[in-house]
Amino acid sequence: MKVFRDSLDGKLDMSDFLIDFHGFIPVPQLITEPAVGNIGGVFTPIFIQPNKYQEEGRYIPPDITAGFVGYTANKSWGFGAVRMASLPKHHLKYRVAAFHGDVNMDFYRTLPIVGERELGFNLQTNGVFVSLLRQIANTELYMGLDYSFAHINASPDFGMNELPDFIENKELSSNISTISPDIQYDKRDNVFTPNKGIYLVSTFRINANWTGSDYDYQKLNLAGFKFFQPSPKWVSGVRLEGLWQFGDPPFYASPFIDMRGVPMARYQGDQIYMLETEQRYDFSMRWSGTLIAGLAKAPTADVNFSASDLIYTYGAGFRYLLARKFGLRTGVDVAWSNDDFGWYIVFGHAWNNRN
């Protein structure tokens, strides 16, 4: 069992098992997302290996391969796999993924006379994603293209004869095929749980007939993540993100506020603005506490920025340094928003799955 103990402090640590035995972290995660039933489970074996190419004075992210299978209390389920790696000698990094999902999910709309209404749908999805980025000169700036394809069948659980006016018949079975110019600048000290550095993302997602999509719309996503240390044990993180939608996407593809404490798709809009902070304090090398807070708005074509609701979140959590040599921390967060509560299993950093 020595392979699961760190040579520095003798505590549980997965680094040597991952590196020397090509092992994986078996992550049995609870799904606590309110939008898909509040409770469920996902099993995710995650293989992490240092990149074979290393350069003195430069951080080269490890190669990551993972699979997943999951099920939730509202009978949502899915499975898939993802690979994220880089080819530093060729100045490239790439991501590939494939997945199937059968998801029961609630969407919200404000309807005339009725007011806000909760609309339940079953979304059956098969999809693939490919991303290839090239390093620009000898910098941390990467540019390239992403491509994603998904076939989606949407079935309402409230009867076909009750479809609201904003839902078109073609949205019940359609293809979304997206090409995205992607620009990233990544100066974080590690990709799992950063202590310092900056990460900037700009993605313009294009759906059109020529991309193979049944819809004609675009989305612009601009995001910035900053990490710094006011003191050796205190890590401060700030996230600023905006999304803008153009054209006419299907109802389930509209951008939404994505923060802890806010159910997925609870607040959709034509524009999304999010400001979030996470403060982590390391009580010891292994154990940390976190405080989180955020503000967001989701204006629509009918409700401008000043008139749209201000959505707030706040919460706290803890972290354990599970793989010291990779800077990987894992733990649990609890968070509240205007009308909701959620708790989350965090692997790495909670913002890692945002882009």
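This is a predicted model: local features need pLDDT of at least 70, side-chain atom pairs count only at pLDDT 80 or more; totals for chains, interfaces and linings use all residues.
**A walk around the rings and strands**

Visitor: Why is the pair of Tyr 199 and Phe 225 called stacked?

Guide: Ring centres must lie within 6.5 Å to pair, and planes under 30 degrees apart count as stacked. Tyr 199 and Phe 225 are 5.8 Å centre to centre with 25° between the planes, and that makes them a stacked pair. Tyr 199 lies in S9 and Phe 225 in S10, so the pair ties together parts 26 residues apart in sequence.

Visitor: Why is the pair of Phe 225 and Trp 351 called tilted?

Guide: Stacked needs under 30 degrees and edge-to-face needs over 60; the rest are tilted. The planes of Phe 225 and Trp 351 stand at 45°, with the centres 5.9 Å apart, so this pair is tilted. Trp 351 comes in the segment after strand S16 (341-347), 126 residues from Phe 225. Ring pairs link Tyr 199, Phe 225, Phe 227 and Trp 351 into a cluster.

Visitor: How do you know that Tyr 199 is buried?

Guide: Buried means under 20% relative accessible area. Tyr 199 has 9%, so it is buried. Phe 225, at 3%, is buried too, and so is Trp 351, at 4%.

Visitor: What makes you say that the charged end of Arg 188 sits over the ring of Tyr 199?

Guide: The charge has to be within 6 Å of the ring centre and within 35 degrees of the ring normal. The charged end of Arg 188 counts as over the ring of Tyr 199, at 4.1 Å from its centre. Lys 297 does likewise over Phe 305, at 4.7 Å.

Visitor: How do you know that Leu 328 is in contact with Phe 347?

Guide: Contact means heavy atoms within 4.5 Å. Leaving aside neighbours within four places in sequence, the contacts of Leu 328 include Ile 25, Phe 192 and Phe 347.

Methods. Residues are numbered from 1 along each chain as its sequence is written. Side-chain values use heavy atoms; hydrogens and water are left out. Rings of Phe, Tyr and Trp (its six-membered ring) pair if their centres lie within 6.5 Å; planes under 30 degrees apart count as stacked, over 60 as edge-to-face and the rest as tilted. Helices (H or I, at least four residues) and strands (E, at least two) are DSSP runs, numbered from the N terminus. Buried means under 20% relative accessible area, exposed over 50%, partly exposed in between (1.4 Å probe, protein chains only).
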